[in-house]
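Here are my notes on the model you sent over.

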Amino acid sequence: MKFQILFASEEHVKYAEEITQAMEDAAKARGTGIAKRSPLYISDKIREGKAVIALAGTSFAGFCYIETWSHGKYVANSGLIVLPEYRKGGLAKLIKAKVFELSRKKFPKSKIFGITTSLAVMKINSDLGYKPVTFSELTTDEAFWKGCQSCTNFDILTRTGRTHCLCTGMIYDPTEDVQNRQKKQKNLYERWQLFLRFLAVRKHKKELLAKKIESRKMENALRLKKKKERMAIS
């Protein structure tokens, strides 16, 4: 089946109630948390240009939205949902890639993070460049953690002093990405320089060998000439 993966806009606000119901149903089915959001909250995210929606024809198929924390220092890709009938076909990965693209476009200097209990989402995040981190490395913005109150596992988060929960924290740091690219470019440059040195050394060796061969030819020619001269005298 073909899907449209779109940056959500005003025309998609009509799906807000269906999206929130799908999130609630998924949380109940898994027995783990997706922070509960109201249709109004989802509508606001769509109108702000901070959401991605997947459509199968004109039917809602999946969704994810962006939240910002700590004055834009951190960005979260939250509320990833795919309807059951569209799962196991790679749609979640397409949505995550699209919302990651939107996050990098709107907040290029922000760290992108998420907390999830889904192994599939962890794999997708890892493919996008996220790394697992402790909760202490995530935003300290109280508003973010307050959003976990509607999760069935909130008591665990509270009892552990917000050090861990059933969710795994993952983060993408754009500065590390830049550093990795610079390191990769440096490695490529160094490898290129080594290759050029190798070519220069090989050329030098060939020149030395050619000179050595030419010298031997001249020596042999000289010996042959002297031999002929001796034979002529005798």
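Which are the buried residues of α2?

1. They are I42, S43, K45 and I46, where buried means under 20% relative accessible area, exposed over 50%, and partly exposed in between (1.4 Å probe, protein chains only). Looking down the axis of α2, these residues fall within an arc of 160°, so they line one face of the helix; the arc is that of the directions from the helix axis to the C-beta atoms. Their cover includes α1 (16–30), β2 and β3. Helices (H or I, at least four residues) and strands (E, at least two) are DSSP runs, numbered from the N terminus.

2. Before going further, a word on the ground rules. This is a predicted model, in which local features need pLDDT of at least 70 and side-chain atom pairs count only at pLDDT 80 or more, while totals for chains, interfaces and linings use all residues. Residues are numbered from 1 along each chain as its sequence is written, and side-chain values use heavy atoms, with hydrogens and water left out.

3. Let me stay with α2 for a moment. S43 is found in this helix and, at 8% relative accessibility, counts as buried. Leaving aside neighbours within four places in sequence, S43 is in contact (heavy atoms within 4.5 Å) with V13 and A16. Just after α2, G49 takes a positive phi of about 75°.

4. Now the sheet. It is open and mixed, with 7 strands in the order β1-β2-β3-β4-β5-β7-β6; two strands pair if DSSP finds at least two bridges between them. At the edges sit β1 (4–7) and β6 (131–133), each pairing on one side only. From one strand to the next, the twist averages 25°.

5. Two helices to look at against that sheet. Helix α2 (residues 39–47) packs on it, touching β2 (51–56) and β3 (59–69), and its direction makes about 80° with that of β3. Helix α3 (residues 91–106) lies across β1, β2, β3, β4 (74–82), β5 and β7, running at about 155° to β4. Axes here are lines fitted to C-alpha atoms, for helices over the stretch in contact, and angles run from 0 to 180 degrees between N-to-C directions.

6. Have a look at β7 too. Strand β5 (residues 111–116) is joined to β7 (residues 168–172) by 5 bridges, and the two run antiparallel. Within β7, M170 stands opposite G114. β6 and β7 also pair in the antiparallel sense, over 3 bridges, and I171 in β7 is the bridge partner of K131. β7 is mostly covered, with 4 of its 5 residues buried.

7. On to the nonpolar cores, meaning sets of buried Ala, Val, Leu, Ile, Met, Phe, Trp, Tyr and Cys residues joined through side-chain atoms within 4.5 Å. The largest has 41 residues, and those with the most contacts inside it are I19, I42, I53, F60, F63, L91 and I95. At least two residues of this core come from each of α1, α2, β2, β3, β4, α3, α4 (119–128) and β7. A second, separate core of 15 residues includes A76, V133, L157 and I171. In soluble globular proteins, nonpolar side chains tend to be buried together.

8. Apart from neighbours within four places in sequence, its contacts are Q4, I5, L6, A8, H12, Y15, I19, F60, G62 and F63.

9. Which residues of α4 are buried? V121, M122, I124 and N125. They cover an arc of only 165° around the axis, which puts them on the same side of α4. Their cover includes β4, α3, β5 and β7, whereas the face turned away from the buried side carries the exposed residues L119 and K123.

10. K73 is in the loop between β3 and β4 and is partly exposed, with a relative accessible area of 48%. Not counting residues up to four places away in sequence, K73 touches S110 and K111. The C-alpha atoms of K73 and K109 are separated by 7.6 Å, though these residues are 36 apart along the chain.

11. Last, the cysteines. The structure holds 0 disulfides, a disulfide being a pair of cysteine sulfur atoms within 2.5 Å. For C167, the nearest cysteine sulfur is that of C165, 5.6 Å away. C167 is buried at a relative accessible area of 16%, and C148 is buried at 12%.
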